[in-house]
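Subject: Structure for you to look at

Dear colleague,

I am passing on the structure we spoke about, together with some notes on what I found in it.

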Amino acid sequence: MIALVTGATQGLGLALVEGLAQRLEPTDTVYLTGRDMNRVMTAVQSMPGGGAKVRGELLDVADPTAASLVAQQIQERHGGIDIVFGNAVMRIGPDDDPREIIDTYTQVNNFGTTRLLKSFAPLLNDNGRLLIVASSLGTLHHLAPVLHKRFTEPSTMDEIDEQIANWRDTTMQGRVSAWPAFINIPSKVGQVAAVRVLAAERREPDLRRGILIAAVCPGMINTPTSALWWDVSTAPTPAQAAKKLLDLALDPLQPEQYGELVRDGEVVPFR
Ligand SMILES: NC(=O)c1ccc[n+]([C@@H]2O[C@H](COP(=O)([O-])OP(=O)(O)OC[C@H]3O[C@@H](n4cnc5c(N)ncnc54)[C@H](OP(=O)(O)O)[C@@H]3O)[C@@H](O)[C@H]2O)c1
């Protein structure tokens, strides 16, 4: 099997790589990817060993060409892929001014996600998994009703990208709008909406082939990113949070999870 995790130099991504390596075989390969090659190699060296081979690879999801380039290399080397976790996130804190960071934030979290989906969905082998780490905040419940159709009407990932670009521009210009001040919310809604659009396009053939495309919520995790916002001292460690996500990647397909946001094995309704 071939697996790949983005944003895997620390936090949940690193734990997903370690968990995959432990649960796969020595003939399998797990790609530990990140935006900085030194941090990637340090993370590879921190792996305990045993199980699948862990291979470092540069994949800066903010780079418009990176996902398709890595996908092309993986196709040439292995002919396809079995498990992809889109996990990378730009770390932001309560003191960051949304007007200053939203351009990079959307580039990493949203356009980076749609590029990953577009690049790796065509490579999925039978019984493959393409899982985007989103959040329970990624549902319409957290958005003003006037904004809902922006994420329910699009039928392509480009149209989702247009909505995200529109939100980014509104935020950068400091315009008064219905968008929530916590930029994590529209970003996560956009990720879940992108997964839903792709899944709607591919549902029948994917289900026949045992493929799962889904968004996943890991729940609150004790990482430096969440510690900027909340007291996470008693929250699960990345390794504990990774377990349910690894089950989703490795257990048999449950068709009702296809195209949905899944938390603890249960579908979280989008609407
Ligand atoms: N923590 C929580 O409580 C929580 C709750 C719900 C959902 N989530 C989601 O879970 C995922 C992981 O969160 P986390 O708390 O583990 O985050 P984290 O500890 O901040 O790790 C983020 C990872 O993303 C990488 N990254 C940042 N920009 C990147 C880029 N341009 N290209 C590639 N990688 C990049 C970082 O690399 P560097 O090492 O180079 O900085 C790091 O490895 C995120 O999608 C997050 O939204 C987390």
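In this predicted model, helix α3, which covers residues 66-78, packs with helix α4, residues 98-120, at an angle of about 25 degrees, and the two axes lie 8 Å apart. Since an angle under 35 degrees counts as roughly parallel, α3 and α4 are therefore roughly parallel to each other, and their crossing is right-handed. On the α3 side the contact is made by A67, S68 and A71, while α4 contributes R115, L116, S119 and F120. By class, the residues in this contact of α3 with α4 are four nonpolar, two polar and one charged.

Helix α4 also packs with helix α6 (residues 157-172), here at an angle of about 175 degrees and with the axes 9 Å apart. An angle over 145 degrees counts as roughly antiparallel, and α4 and α6 are therefore roughly antiparallel to each other. The residues of α4 that meet α6 include P98, R99, I102 and D103, as well as F111, L117 and K118, and among those they meet in α6 are M157, I160, D161, I164 and R168. The contact of α4 with α6 holds eight nonpolar, four polar and five charged residues.

A further partner of α4 is helix α7 (residues 184-209), which packs with α4 at an angle of about 10 degrees, with the axes 10 Å apart, and that makes α4 roughly parallel to α7. From α4, the residues Y105, T106, N109, N110, T113, T114 and L117 meet S187, G190, Q191, A194 and L198 of α7. This contact of α4 with α7 divides into four nonpolar and eight polar residues, with no charged ones.

Turning to the strands, eight of them form an open sheet with mixed pairing, in the order β3-β2-β1-β4-β5-β6-β7-β8. The edges are β3 (53-58) and β8 (266-268), each of which pairs on one side only, and the twist from one strand to the next averages 25 degrees.

Methods: Residues numbered from 1 in each chain as written. Predicted model: local features only at pLDDT ≥ 70, side-chain atom pairs only at ≥ 80, totals over all residues. Axes fitted to C-alpha atoms, helices over the stretch in contact; angles between N-to-C directions. Helix = DSSP H or I, 4+ residues; strand = E, 2+ residues; numbered from the N terminus. Parallel < 35°, antiparallel > 145°, perpendicular 65-115°, else oblique. Left-handed = near helix turned anticlockwise from the far one by under 90°. Contact = placed C-beta atoms within 7 Å. Nonpolar A, V, L, I, M, F, W, Y, C, P; charged D, E, K, R; others polar. Pairing = 2+ DSSP bridges.
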